[in-house]
Amino acid sequence: MVDLLQIGSRSVALVALTLACSCAVESSEPDARRDVAAVVEALTTNCSPDQASFARAAAVAAGMALLGAGADIGGVEDGGDASRFDYWFGAHEPENIRVVTQVLLGSYEMIATAEFRCGCDDPDPNLIAQTITNDPNQLIRLCPPFFERDFTEFAVGGLIHELSHLNGTLHWKTGASCFPGDPHWPDYWHALTSNPYGATNNAESYRLYALDWQPGEASSRGAVCTD
Ligand SMILES: [Zn+2]
């Protein structure tokens, strides 16, 4: 299954992505930041120097966001506030926590081993990134819009989305074909928590959770369609 992460409002298996979160990377974790920076060095291929630099920065930020998500789960396991976890993944039951932790940890570790290749083999000009679910080569292709759109919304979030696919998540749809004009479309993914399997296997749930998207937060992109 080829996964297509795409801006746009058409076609199959597409999700228009817009994140406007203020997903602050924890600056209080210099060691973690350094470690992430070290592991993503030189893992880009077919990129210009500027593209490679951009992609590595996005990978570092994705790693920090995944660490932040991991810290949130740690707090949940210690009996702390579970509202963030519950919103995106349903009840913080042991099985949900186990699955989400596995995907987050696998995604984080894969930053060190995945290949981030500049260029896509799809002619669609709106494609952000693509991978193949469970791709043994852990290849993530970075399409032109990856470098041209909002860094956090599309580059960082896009990597988290694709990394989760490489750890077994699916490209779920919400059932609604379009959310035209609704800037709060990210909240529609919250509805998947009524289906715990759907929530914990949905790439978008991981992207929004890791970026600490706030419930009710408006997207700067007002309309989104999925199919
Ligand atoms: Zn996807």
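Which residues have the most contacts inside the largest nonpolar core?

**Entry 1, ground rules.** I am working with a predicted model, in which local features need pLDDT of at least 70 and side-chain atom pairs count only at pLDDT 80 or more, while totals for chains, interfaces and linings use all residues. Residues are numbered from 1 along each chain as its sequence is written.

I looked up the largest nonpolar core and found 48 residues, with Ala58, Ala62, Ala65, Leu66, Leu159 and Ile160 having the most contacts inside it. Such a core is a set of buried Ala, Val, Leu, Ile, Met, Phe, Trp, Tyr and Cys residues joined through C-beta atoms within 7 Å; buried is taken as 20 or more other C-beta atoms within 10 Å of a residue's own, exposed as 12 or fewer, and partly exposed as in between, with C-beta atoms placed from the backbone. Elements that each supply at least two residues of this core include α2 (49–77), α4 (94–110), β4 (127–132) and α6 (151–165), and α2 gives the most, with 14 residues. I took helices (H or I, at least four residues) and strands (E, at least two) as DSSP runs, numbered from the N terminus.

Ala58, Ala59, Ala61, Ala62, Ala65 and Leu66 in α2 meet Phe151, Ala155, Val156, Leu159, Ile160 and Leu163 in α6, where contact means C-beta atoms, placed from the backbone, within 7 Å. Leaving aside neighbours within four places in sequence, I find alanine 62 in contact with Ile111, Val156, Leu159, Ile160 and Leu163.

I checked serine 107, which is found in helix α4 and is buried, with 28 other C-beta atoms within 10 Å. Serine 107 and glycine 63 are 44 residues apart in sequence, yet 8.3 Å apart in space, C-alpha to C-alpha. Beyond its neighbours within four places in sequence, serine 107 is in contact with Leu66, Ile160, Leu163, Ser164 and Asn167.

Is aspartate 72 buried or exposed? I record aspartate 72 in helix α2, and it counts as buried because it has 21 C-beta neighbours inside 10 Å. Leaving aside neighbours within four places in sequence, aspartate 72 is in contact with Arg84 and Phe85.

Technical notes. Two residues are in contact if their C-beta atoms, placed from the backbone, lie within 7 Å.
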